[in-house]
Amino acid sequence: MVHVIVVANEKGGIGKTTIACKLASLLSTDSHEKVEAKYKRTAEKVLLVDTDLQGNATFFTTRQLRSQFEGRSLIEAIAEEDATDYIIELTEHLHVLPSSSKVAMFDAEFTKLRHQLEEPAKWLQRTLAPVAHNYDWIVIDTSPSLTELQLQTFNVSFGGYTNVLIPMQTERFGFHSVQQFSDTLTPVEQHTNPNLAVLGVVPVLTDGTLVDKNIMAEAKEQFGDLLFKTVIKRRAGVKKMVDTGFSEHYAKEREALQDFYDLLLEVKQHV
Ligand SMILES: Nc1ncnc2c1ncn2[C@@H]1O[C@H](COP(=O)(O)OP(=O)(O)O)[C@@H](O)[C@H]1O
Ligand SMILES: [Mg+2]
């Protein structure tokens with residue numbers, strides 16, 4: 001069965017895309033021979049779906065700007081209710097459904113067509129359904145704005161859970177955003193997708209200051225076991241990989257990926 005992971009939070013600039021792309025890259029590759037034994041992995045089939053019109057996940061994986069995908073992106077796939085012809089096969093194991101600026105049109109199209117659609121809230125789900133069986137994992141990167149398209153990602157399920165992974169920046173506003181975001185998920189779970197589940201809250205961009213520690217303690221109290229043990233630290237090597245692309249060839253790169261190795265293990269424990 002395919003595992004669906006939606007990386008989401010209503011706050012921007014907090015590492016959603018970084019997490020989605022690193023998870024998709026790690027899941028879809030064999031581990032480097034020099035990683036520690038507990039981090040060894042074998043490549044699985046992954047579809048990364050970029051639902052953010054900024055196209056950052058599209059760029060990170062394809063190394064091409066979203067403008068390259070005008071006319072052959074997620075939005076055209078949705079119009080056809082079939083992603084098949086729009087998937088970019090980057091490697092045997094990593095496929096991407098790219099974003100483009102036209103993704104911004106989704107909400108307007110939805111408003112216009114919703115009365116003609118059968119189960120309107122599951123338009124994105126139906127679009128991915130013809131290809132879902134090809135994958136072990138579908139990783140969905142999302143935009144920070146609570147648009148209809150964003151809500152549609154919470155309805156993507158193929159028999160199993162829709163696992164929402166929520167990055168939490170370890171500062172006051174980051175903590176608030178997770179609390180508020182949880183309120184957004186509740187009605188979706190009640191009305192359209194009983195399989196919607198928070199996989200976990202992941203502390204991100206931590207610098208190890210007292211503020212980080214205090215927020216983490218508050219989050220532990222609030223979210224209990226949903227708070228991941230893995231903490232994604234702020235690291236220059238992570239930022240750099242946006243320019244250089246995913247690689248774990250060099251020791252420095254593996255060091256930058258350290259927290260993501262742990263994240264992957266924890267994600268696999270929780271799904
Ligand atoms: N762990 C990290 N360490 C350092 N920089 C990071 C880390 N995670 C993300 N960044 C940087 O922070 C910025 C925002 O991250 P991004 O993943 O695009 O966030 P979002 O998708 O939530 O808007 C990017 O420049 C990214 O390279
Ligand atoms: Mg992003």
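Student: In this predicted model, which helix holds the place of Thr127?
Tutor: The model is a predicted one. The helix in question spans residues 123–132, and Thr127 falls in that range. The place of Thr127 is therefore in a helix by the run of residues assigned to it, namely helix H5.

Student: Is Thr127 buried or exposed?
Tutor: A residue needs 20 or more other C-beta atoms within 10 Å of its own to count as buried. Thr127 has 24 such neighbours, so the class of Thr127 is buried.

Student: Which residues does Thr127 touch, leaving out those up to four places away in sequence?
Tutor: Contact here is judged by C-beta atoms within 7 Å. With the residues up to four places away set aside, the partners of Thr127 are Ala77, Ile78, Glu81, Asp82 and Ala83.

Student: How many Å apart in space are Thr127 and Phe60?
Tutor: In sequence the two are 67 residues apart. From C-alpha to C-alpha, the spacing of Thr127 and Phe60 is 23 Å.

Student: What radius of gyration does the protein have, and why does it agree with a compact globule?
Tutor: The C-alpha atoms fill a box of roughly 50 × 40 × 30 Å along the principal axes. For 271 residues, a compact globule would have a radius of gyration near 18 Å. The protein agrees with that because its own value is 18 Å.

Student: What percentage of the contacts with a separation of 6 or more comes from residues 24 or more positions apart?
Tutor: Buried residues make up 45% of the 271 residues. Among contacts with a separation of 6 or more, residues 24 or more positions apart account for 79%.

Student: Which strands are the edges of the open sheet?
Tutor: The sheet has eight strands in the order E3-E4-E2-E5-E1-E6-E7-E8, with mixed pairing. An edge strand pairs on one side only, which holds for E3 (88–89) and E8 (232–233). The edges are thus strands E3 and E8.

Student: Which helices each supply at least two residues of the shell around ligand 1?
Tutor: Of the 15 residues around ligand 1, Gly15, Lys16, Thr17, Thr18 and Val238 come nearest. By class the shell has five nonpolar, six polar and four charged residues. The helices that each supply at least two are H1 (16–27) and H9 (236–244).

Terms used:
Residues numbered from 1 in each chain as written. Chains lettered and ligands numbered in written order. Predicted model: local features only at pLDDT ≥ 70, side-chain atom pairs only at ≥ 80, totals over all residues. Helix = DSSP H or I, 4+ residues; strand = E, 2+ residues; numbered from the N terminus. Buried ≥ 20, exposed ≤ 12 C-beta atoms within 10 Å, placed from the backbone. Contact = placed C-beta atoms within 7 Å. Rg over C-alpha atoms; globule rule 2.2 N^0.38 Å. Near = placed C-beta within 6 Å. Nonpolar A, V, L, I, M, F, W, Y, C, P; charged D, E, K, R; others polar. Pairing = 2+ DSSP bridges.
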